[in-house]
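Please open the model in your viewer and keep the sequence panel beside it. The stops below say what to select next and what to look for there.

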Amino acid sequence: MSRPSPRPRLDPADLPPLRWLLGGLLSLLGISTVLYTDVDAGLLMPFAAVVTLAVLLRPRLPSRVPRVVHTLAFPVILGCFALDLWLDLELLPSLVRLDILLLTYRNLGYRGRREDLQLIVLGLFLVIVAGVLSVSPTFAVHLLLYGACALGMLLVLTLEAGGGPPEGTGVADVRSVPAWVRQGGWRARFRRWFAVVDARLALLGGTVFVLLVAGTTLVFLSLPRFQLESGLFLNRVITKKAKSGFSDSVQLGEVSAIQLDQGVALTVDVDDPGAVPRDLYWRMIVLDEYVDGTFRLSSALRAQFGPERLAALQPGDGRGGDARTAAWTLYLEAGVGRHLPLLGPYERLRFRERQTFRASAPLALVALREDPVAMLAFRVDGFRPGLVLPDPAFLARWERRERGPEPGAPLQAALPGSVRDRLLLRQVVDELGGSEGGAADFARRASAWLRDRHGYSLSPVIPPGPGDPVVRWLRSREAGHCELFAGSFVLLARAAGFPARMVTGFRGGSWNGYSNSLTVRNSDAHAWAELFDEAAGGWRRVDPLASPVADAGTGPEVAAAVAAQPDRSWEARWDSLRVFWYRRIVSFDQRSQVESARGLLAAAAAWFREGRDAARASLGRAAAWWRAPWDAGRLAVAGGVAGGGLLLFLLWRRVRWDFRPGPGRMGREAAVRREAGRWLGRLDPGVADDPERAAVVAQLQRLRFGAAAGWPDPAASFQRARRLRRPPGRPARFNRS
Amino acid sequence: MAPEAQIPGGEGWEGPRGPGRRPGFAWRRLLWSLLCPPRGNRVVPTPPGAVLGVLCAGLTAAAYGSASNILFITVALLLTSLVLGGLLGWLNLRGLRWRLRPPRALRAGQDAVVPLELRHAGRFLPVRCVGFELAARAVPAGGAGASDLPARLRLAPGGEAPVTGRVALAGRLDPGTGAEVAWDVRPARRGRLRIELRRVCSVFPFGLLRRELSPSLAVETIVWPAPAEPRLVGTGFARRRPEGRPRPRAGVGSDLLALRAYRPGDSPRQVHWKATARTGSLLVRQPAAEAAEGYALRVCTEAARWPRPEQFELLLSVAAALAEDFYRRGRLQSFALGTGPAFAVRRLSDLERALDCLALAEPGPPMPAPAGGGEIVTFTPEGARGLVAWAGRERLAVL
């Protein structure tokens, strides 16, 4: 005997459209992952998304697809994949595009069980690839949504199959229109689903989702961490084009082009904010060779990089110095370049996983062999940022220059080849007072001259004419960008007889007030110059665009200056999520696992101690209260507490922890049915010749089993039944008066 | 979870933990059962689950090879999905109870419905997507459950492959409610039939893992001989006795035959109150049968007479058909099988007893030929395949 159900039940006919909807959502989620990977699918992705969305909203569309499309689909798709692979010569992007094509095709026909399972796997592949390639926090959201939809799809498939095995092979005829397509629209279907879903089901679904998230977190934290060093995986089969402004060869305007991008390039965690210098110059590449508007890394400087190594640890120059040994954890976004942004010399550099790289101690630079395709995390201990980068080897060579030319690389890179350009540069240097006063003084004078003569603009105008473009700009009064300023300074310094070179990287960064970390954006890209200062024994940083501050110190007061204007915008909120993702998830390793376990144990122990102390204190207070003399007020309090406890106990006993589907909104109806059932049991069925009894029994049966719409008056029926039960001699209560 | 006592009927119900009252919940027992599942209780991956497992293994290898936490997250999600699926599957079957209620007897060669009754003793989650695998196999002579039969009846056909089938619970089973699923079975041969619930399985909720229980539920029933349609050739079905006067016998007619002592099962309306008051013991009326002429069915199972097994089976089928036909006409007086004693056939239970005997009959030792009275029906083989039913010297039916 089943109870009356207040809501319609899920019908097998409700499931196919739900499966169709979930399949479309899974496809869209899979296709949208291309948005945050660098796989080139500029036309394919919108096409696939539009087709999937159209078919999802208009389920009749697949029936209009000509049969020849289905006949030729797989050969054509495979042919496209082969052609794509042949043209692009990169496996993973081609696989991603193939996957998108297959997903699109799966949506062009009516799917059976097998096609739905294929769709889940195809979409999962896209999500995983996107996560591995981007290491983006969006991946977590994407994966959770995808997981929920995929589990929903599997649940619907299971419900459709019932308890028996799946019917047939599960392969659907992609063109035969299912019955549900012809019945109603999405509005009616959604209305029906909402009618079917009750609070209990929604609570159950929410609980399952929470359990899924919690379980995933727990398993992620518990999986033992060790690296097999077997050398996988996807980032080996895809290459990524880095920003051209940070390569070995930089043309005028390439660094400025990067500044147009507001995306995050670098996120920095510092365990000691007091070690953060006021002027942050993240050096990535040094360019000393100049030819006709292009700065390059010369072969002489290239030779200063050591041999290529495959390692996770790179020791610094060994000088140590007096720098605080603060630990800097840098998260370098993909696409920035293969040169690591560093503040200067360091004590130790450690990658999260082994990398192939070359390092140069005199240049204080590190270059990876390949551009990282995903976020790269590394930690630097003991940065020694400063205005002057010591270079004892170059100093020694510089001091020996009087004795005659040395074999090897020249000390000074060549000036522009044109005699006219050299004369023009010489004129400017003379105007500046030549090299009198040393390198530092020249740097100050030249920077001031440039700032006085030129404004700053991201869209500079270089006067047309013969000769070197930097010299032409230098002689003009046009505004320019950082590369023109730095390039002009380098040429002037060389004309004055000082070795000089250009450096590209980032300047500054914003302090995120939510995550307490530094965020460096692509808009912070910058170019400056380094001038060899014999007196200082190294390369002096000269930024013609910077305000003339004497020194870039560190210390609490400087850190306070950096953090004095924290960024608390919405963008900073999102960046803080990114930092959390990088700190806690992406950088989670064996050490973090051990630290988490220890932290958990310590927190549990502390919680236990606090709880024990609090319990002891409470018991002590209660005992003191109990021993105190009793009066009316204390008795009232004790009585109130005892009464409250008793009330809670009775409530507890009253509540039946029974979650069977109850009558819900039809509580009165269910009560009437129950009451009618009780009266039917009380009335003696043996007396069959009593018409009054038969009539009452008929009424009670209608109340018990019949539709509520056709009920007689329940109160009157129960009164008649009560009268029948009364002994014959006893009058009814309402007749006594 | 509701105790077993809430299940109405309470008889023969079994659950995932076997028959009887389910013990109380204990974490220790639960954790131990996760490590060491109870006997007959296993979880196997379905094909999609196996694919997911392979995928998970590959991603785990890749995660350890590349130390990529992205892959570790994916592995964690897949593993959690598997574990969550297993947990929900366990909850799904936890409150389910079942019992088999086959009909008292089936008939060989005819479809029959074996109902499997289900009850949900849980409180919160409905039960969904449960399949049941049933099997029916002939019980060999002397097998379990046959010891209460006479030794000569413990011979039954056996050794055949069991008939198996699957039924599924359609829709959902709400807590506190019951349902019935029907298994259509067609027993091939007469004899004792053992119907077993071999497996209860469910792939709920995600279809990745199949939870299988091997319950110990089995019931036995009787399969009567296959129906036969003998050609009635005699005139005895229509004519009365030549002596002229019908001999009254007990039946369900309206004429009073005699008074007899009350037996359990007699209707109180049949009590003859005056005679009871007079004699001091409870007496009931014994009405006479409407038709006075009747037959005594004597089935000779002598192996020498019926050397061909198929002819012996034919004998039992024809005997069963005649017994039912005579009973419907009110003409079956008594029944005897082989050397067994004859017993009167007065009510339906007597007829069923006769059919039970035929269901379990086997070729037996030599027996003396029954007296050839006109009311005694005997059988003789005719040719290699046929047989004849005789009423005295008259051919009554032929097949």
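Two residues are in contact when they have heavy atoms within 4.5 Å of each other. This is a predicted model, in which local features need pLDDT of at least 70 and side-chain atom pairs count only at pLDDT 80 or more, while totals for chains, interfaces and linings use all residues. Residues are numbered from 1 along each chain as its sequence is written, chains are lettered from A and ligands numbered from 1 in the order in which they are written, and side-chain values use heavy atoms, with hydrogens and water left out.

Begin by selecting R379(A), and display everything that touches this residue. Leaving aside neighbours within four places in sequence, R379(A) is in contact with A327(A), W328(A), T329(A), R348(A), L349(A), R350(A) and R591(A). R379(A) belongs to strand β10 (residues 376-381) of chain A, where strands (E, at least two residues) and helices (H or I, at least four) are DSSP runs numbered from the N terminus. Although R379(A) and L349(A) are 30 residues apart along the chain, their C-alpha atoms are separated by 5.7 Å. With a relative accessible area of 28%, R379(A) is partly exposed, a class lying between buried (under 20%) and exposed (over 50%), as found with a 1.4 Å probe on protein chains only.

Next, select helix α3 (residues 67-88) and helix α4 (residues 91-106), both of chain A. Their axes, which are lines fitted to C-alpha atoms over the stretch in contact, are 9 Å apart and meet at an angle of about 165°, on a scale that runs from 0 to 180 degrees between N-to-C directions. The two helices α3(A) and α4(A) are therefore roughly antiparallel, a label for angles over 145 degrees. Among the residues of α3(A) that meet α4(A) are F74(A), I77(A) and F81(A), and the residues they face in α4(A) include L98(A), L101(A) and Y105(A).

Now move to chain B and select H120(B), which lies in strand β6 (residues 112-120). Is H120(B) buried or exposed? At 4% relative accessibility, H120(B) counts as buried. Beyond residues up to four places away in sequence, H120(B) touches G95(B), L125(B), L173(B) and T177(B), among others. A polar atom of the H120(B) side chain lies 3.5 Å from the backbone oxygen of G95(B).

Finally, select R94(B), in helix α3 (residues 69-94) of chain B. R94(B) also counts as buried, at 18% relative accessibility. R94(B) and L125(B) are 31 residues apart in sequence, and their C-alpha atoms are 9.8 Å apart in space.

Notes
A polar contact is a pair of N or O atoms within 3.5 Å; within protein, one must be able to donate a hydrogen and the other to accept it, and residues adjacent in sequence count only if both atoms are side-chain atoms. Angles under 35 degrees count as roughly parallel, over 145 as roughly antiparallel, 65 to 115 as roughly perpendicular and the rest as oblique.
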